[in-house]
Amino acid sequence: MKSHLQPFLHYLSGDKGLSPNTLESYGRDVSQFLEFAEERGASQPDEIRRSHVILYLGSLRGAGRATATLNRSAVSLRAFFHYLLKERLIEQDPTLDMETMKPDKKPPMVLTISEIEQLLAAPDVSTPQGMRDKAMLELLYATGIKVSELISLNVDDVHTDMKFARCTGTSGKERVVPIGTLAAESVAAYTSLMRDKLLRDHQEEPAMFLNSLGGRLTRQGFWKIIKKYAREANIEQDITPHTLRHSFAAHLLEGGADLRSVQQMLGHADISTTQIYNGIARKNMKEVYESHHPRAR
């Protein structure tokens, strides 16, 4: 059956324009499957049944392969049998209507309180950009809002004197979130001392956080900013803007906050989405207990 493999890869290369690395993956996946099928008596393409495919993917799962690997193999096999059907080498596609598996859910990445403090202390607040960055990082950690909500904030949305911010999610739903004292102080210092220095000729710009040209900061711009300060703070984890949101939720629950309140602050429609942080909080509390309680060991 492997005589059909090279023509299949040539078809993918010419008609689909796939990269060499992708072609190598397709070739490896299909080759391993064909060996599996031949060992079970299927020596010709039209002898392969749906059961062969299901058994093969089951063997990968039994060997501990990740869900992403299983889905990639399934995609490779679907492409192969689609090619065989197109070339009239088979009459039925054994992978037709086969569903992919849901990817494994990885626990969200959470920084320690010490790492958070290092990150928040990294910006040089003697410069307009540094004070802006300090205010943004403090606000993200203090509120748990998404980066899209952060950069969408206008000056009128943040009330540092009352310690709350009004933000709008991707669905267009507005919510009010509380702001802690340190974050409120950082934002107030930025708006009163440094924001005008970034405005340049954009005096009518309503955005709270500005780029070096005086316009609204972008997601990509903030992504570069947080990566920069993570390096300066010697944080080894590959953090993203969402890491501060995860840390906000996990640290609140560790501190005793109730799940419903955290759900509301994060803007989750379903509390099951918030519950992923419960497991992290319980794990961290267990580590603290085992490290500090005299009878824990």
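**Figure 1. The largest nonpolar core of the predicted model.** The largest nonpolar core contains 41 residues, and those with the most contacts inside it are Leu119, Leu137, Leu150, Leu153, Tyr190, Phe209 and Phe222. A nonpolar core is here a set of buried Ala, Val, Leu, Ile, Met, Phe, Trp, Tyr and Cys residues joined through side-chain atoms within 4.5 Å. Buried denotes under 20% relative accessible area, exposed over 50%, and partly exposed the range in between (1.4 Å probe, protein chains only). Two or more residues each are supplied by helix H5 (113-121), helix H6 (128-143), helix H7 (147-152), S2, helix H8 (181-199) and helix H9 (219-232). H8 gives the most to this core, with 7 residues. A second, separate core of 29 residues includes Leu9, Ile48, Tyr56 and Leu57. The structure is a predicted model, in which local features need pLDDT of at least 70 and side-chain atom pairs count only at pLDDT 80 or more, while totals for chains, interfaces and linings use all residues. Residues are numbered from 1 along each chain as its sequence is written, and side-chain values use heavy atoms, with hydrogens and water left out.

Figure 2. Contact means heavy atoms within 4.5 Å. Leaving aside neighbours within four places in sequence, Leu137 is in contact with Leu119, Leu120, Pro123, Phe222, Ile226, Tyr229 and Leu244. Glu138 is found in helix H6; helices (H or I, at least four residues) and strands (E, at least two) are DSSP runs, numbered from the N terminus. With a relative accessible area of 9%, Glu138 is buried. Residues up to four places away in sequence not being counted, Glu138 touches Leu120, Leu182, Ala183 and Ser186.

**Figure 3. Helix H4 and its cover.** Helix H4 comprises 20 residues (67-86), which at 1.5 Å a residue should span 28 Å; the end C-alpha atoms are 28 Å apart, in agreement. The expected span is 1.5 Å times one less than the number of residues in the helix. Just after H4, Arg88 adopts a positive phi of about 60 degrees.

Figure 4. A salt bridge is a side-chain nitrogen of Lys or Arg within 4 Å of a carboxyl oxygen of Asp or Glu. A search of the whole structure finds 11 salt bridges. Arg28 and Glu24 meet through their side chains in one of them, at 3.8 Å from N to O. Both residues lie in helix H2, 4 residues apart, about one turn of the helix. Arg28 counts as partly exposed at 35% relative accessibility. Asp29 forms a salt bridge with Arg72, with the closest N and O atoms 2.8 Å apart. Asp29 lies in helix H2 and Arg72 in helix H4, so this pair ties together parts that are 43 residues apart in sequence. Asp29 is buried at 2% relative accessibility, whereas Arg72 is partly exposed at 34%. Glu39 and Arg40 also form a salt bridge, the closest N and O atoms being 3.4 Å apart. Glu39 is exposed at 64% relative accessibility, and Arg40 is partly exposed at 43%.

Figure 5. The open sheet of 3 strands has the order S1-S2-S3, with antiparallel pairing. Its edge strands are S1 (158-159) and S3 (174-178), each of which pairs on one side only. Two strands pair if DSSP finds at least two bridges between them; strand S2 (residues 164-168) and S3 do so in the antiparallel sense over 5 bridges. Thr168 stands opposite Glu174 in S3. Glu174 is also linked with Asp157 and Arg166 in a network of salt bridges.

Figure 6. Met1 is placed in the segment before H1 and is buried, with a relative accessible area of 12%. Residues up to four places away in sequence being excluded, Met1 touches Leu34, Ala37, Glu38, Ala42, Ser43, Gln44, Pro45 and Ile48. The C-alpha atoms of Met1 and Ser31 are 9.2 Å apart in space, the two residues being 30 apart in sequence.
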